Amino acid sequence: MKKVIPILLIWFGLLNVYSQEIDNRILNLHVPSPNWEDQVIYFLMLDRFADGDTTNNNQNGGEFDQKDFRKFSGGDIQGVIDQLDYIQNMGATAIWITPPVANQWWDPAIQFSGYHGYWAENFKEVDKHFGDLALYKQLSHEIHERGMYLIQDIVLNHTGNFFQYDGGYNKDDVSQFYKLNENSTPVSKPTQYPFSLNDSRDSVQHNANIYNWTPDIINYKDPEQKLTYQMAGLDDINTKNIVVRDVLRDSYGYWVNVVGVDGFRIDTIIYVELDFWADFMNSLSTEFSGINQVAKNTGRDNFLTFGETFISSEPLQNNGDIEVASYMGTKEKPALNSMLNYPLYYSINRVFSQGLPTKFMEYRLNTFVNDTIYRDPYQMANFLDNHDWSRFINSSSPAALKQALFLLYTIPGIPVIYQGTEHLFTESRASMFKEGWGSGGEDHFNQESEIYQLLKSLAEVRQKDKVLTRGDLDVLHSSEVGSGVLAYKRTNNNKQYIIVFNTADQSVLMSNLQTKATQGDELILLKGMGLTKNLTVGKDGLITDELPPRAVGIFEVQKGTKNVNEQELKANITSDIANKTFKNDFIIEGKITDLDKSYYLIIDDKLANKIKLTPDKNGNWQEKMSLSRFSFGTENHKIALYSPSQNLASTSQTFQTVVAVQGDKISITDPVGDDVGLNRNYITPTDKSYIGQQDIKKVETITYGSNLQVTITMNHVSEVWLPPNGFDHLLIHVFIDLPNKEGHKDLSLLNTTAPEGFKWNYVAYLAGWHNVLYNSENATEDGFGTIVTPTPTVIANKENKTIIIQFSSDALGNPETLEGAKIYITTWDNNGSEGGHRVITKEGGPFDFGGTDEENPSLIIDDTNVITITKK
Ligand SMILES: [Ca+2]
Ligand SMILES: [Ca+2]
Ligand SMILES: [Ca+2]
Ligand SMILES: [Ca+2]
């Protein structure tokens, strides 16, 4: 009998291998890598996408509640399988899922659950809420059967929060102050070896050095803290340890091997040593090979790996791009082969949401595609929304969102669409299924929604002749001053597409766009918004045309011999203004030789304030340019002559204006200590970081032409949380009531109405992380109307305790005058980067206002008297 056991074991072992092979032959787990540049990725949160199996929802760890945003909502892998048609019909070809691995379910220390998947307790097991290994393989199979690809989100920097340093930290004795997070569910420490060795008080575990035995990061600028301390309490893995590196390669190679994952999105990479990534991808270890080798063994020769950083570049600078690209390694020593394109993300926000110069986009696109910073720009992951940031639509009009989507689908790189963008979700982590948190009580798998259909059609255009996925990129035109024309060309083989945007909320003249195409060629409109007709390339490859607000078009260049307008513009500018700087009013003059036609002066392409020329009988014309029509500060401008009847424009000349802050001043004071609400019974939040930041002391307005500067002096200005706009614990609303323009009386989201006789036309919502300007069109009792650009400029000065807000004439719709305009200012506080007003309760709290239990209390803690603009 003794001999039988081993034989049986061998037999069972063989059977096991055999059945696995059968299994893998039936299941379509392993497919060759695609050309990633041709793909479109749909990103979903497993817990918040679709619930295909309600029996796995509640695992009794105190972690499940569909009404609580902190807890599991019940979404799972079966739900994804059930909704593959929905995803595929949108034109997505790859699916990025949040980490499916076994997580810490409930962290009692911070009262939050690991529904999102980024708090692993075992990197090699499927979380019970999401399904099991067999179901995950089934998902892989179903995805591959459709010719689609599976991308798994992975974490290597940390596990969940199973230990903390409480009350202090002693670097020389890391057992001191160590505290286990004992009531964590479903386990109090990771179940996977060696991550289970997490007790620094035990010498064996301590010496295994699996963790860094560190407290939370306090100073993100300290490189040691950033790399080796705990990010938001999450136990920092010692990623320098060779044993750890082996286990992590083994753990994640497992999902490639066993499930057939085609790519990884990699979380929190900036908290791990840079050299880790080349090793993770390309280690020559025979036992635990690098991910690229594991992938190769399954037939994948280009396993996609895109890392996450939040790094930004300033406008017209590439510092952030260089840092982001560093995680991709070099040609000699490659690391990841893609990254989430955060520098592009910030640029899209600046150009499409805030109405900043389209030149910023020209610079970013050239840095991204045509520079050598990124090893392979064509497989970078480009996105507008994700689960970490306030959604794009919260700071942009729907038209701006659509434009940004046109951009994503017409530039190199892989478009990534996050669940909910297609239904204009405003919450970052709302559920798509009706039972889940934030769904509003309905399913969101409607394929008829406007944005869903737009994405579907953009995906189709993107595939056509591979021009948009693989073509070269050549930026043809941008605006240096502000919003307006952005045009670029994509060329693949002999096919050429030209993409044209007007990012402004007003009509612009696209004057003499150099298409680099041939006279007589036709631009065929493939897909557009606000544009309906084809265009003909004129003399010297130029096109002049008017573009409606927020128009965009994708055109294909068709060789042709269309007849071209051979007329010439019979007007010119004789003043020598080119490259001059003006600090005072100035005169422009010129001559018209065909007095039968109308000619206009167009500044910065803006048609709204075009100037009609009135020549004398000899054709001489002269226009006085008031400096007050330009914004405060130093700006470059261009000017051109335009003949609408001929569709002709002159060559543009550029000049500069320097406008000192000057004009009519009005100043009012406001009492100190009256930050107690309209009924004088409110109290400010009690956290010690609140020191009167919402208390207005003084307001000064300066108007110059239709430029407006508002300077608010506060009792205190702070930047405790490093807000990009330089102030926090303060949310300002500046309401503007323009004369002779019907306005809105409700102060919408503030649950009250405007002072007597005040009807607002514009409101600026100004906070440390977020500035938005709304006009009152479409404003309701609970919404501020339509977001418009350009967003006002905000400059905070901590020392002077001032916040300076500049509204350009464009922002306020180019009113004739500001005389008689009224201004009303209120203050409150909002929730940092996610936005939203802070709440008020009877008792108040460290970060809540207090003093009332009314149902819809007014959200004003201090306000000003109404200021009326008068002229001297
Ligand atoms: Ca479920
Ligand atoms: Ca911890
Ligand atoms: Ca780390
Ligand atoms: Ca005050």
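Predicted model: local features only at pLDDT ≥ 70, side-chain atom pairs only at ≥ 80, totals over all residues.
Visitor: What makes the chain as compact as a globular protein of its length?
Guide: Start with the pieces: the chain has 16 helices and 45 strands. For 872 residues the globule rule gives 29 Å, and the radius of gyration is 30 Å, close to that value, so the chain counts as being as compact as a globular protein of that length.

Visitor: Why is Ile-291 called buried?
Guide: Buried means under 20% relative accessible area. Ile-291 has 0% relative accessibility, so it counts as buried. You'll find Ile-291 in helix α10, which covers residues 291–297.

Visitor: Which residues does Ile-291 touch, leaving out those up to four places away in sequence?
Guide: Contact means heavy atoms within 4.5 Å. By that test Ile-291 touches Arg-249, Tyr-252, Gly-253, Phe-264, Phe-280, Met-281 and Phe-303.

Visitor: And how many of the chain's residues are buried, as a percentage?
Guide: Buried residues make up 58% of the 872.

Visitor: How do you know where to be careful with the model?
Guide: Check pLDDT, the predictor's confidence in each residue, from 0 to 100. The chain's mean is 94, and 97% of its residues reach 70 or more. Over residues 1–11, though, pLDDT stays under 50, and the model has 0 contacts beyond four places in sequence for them.

Note on methods:
Residues numbered from 1 in each chain as written. Chains lettered and ligands numbered in written order. Heavy atoms only, no water. Helix = DSSP H or I, 4+ residues; strand = E, 2+ residues; numbered from the N terminus. Rg over C-alpha atoms; globule rule 2.2 N^0.38 Å. Buried < 20%, exposed > 50% of the residue type's maximum accessible area, 1.4 Å probe, protein only.
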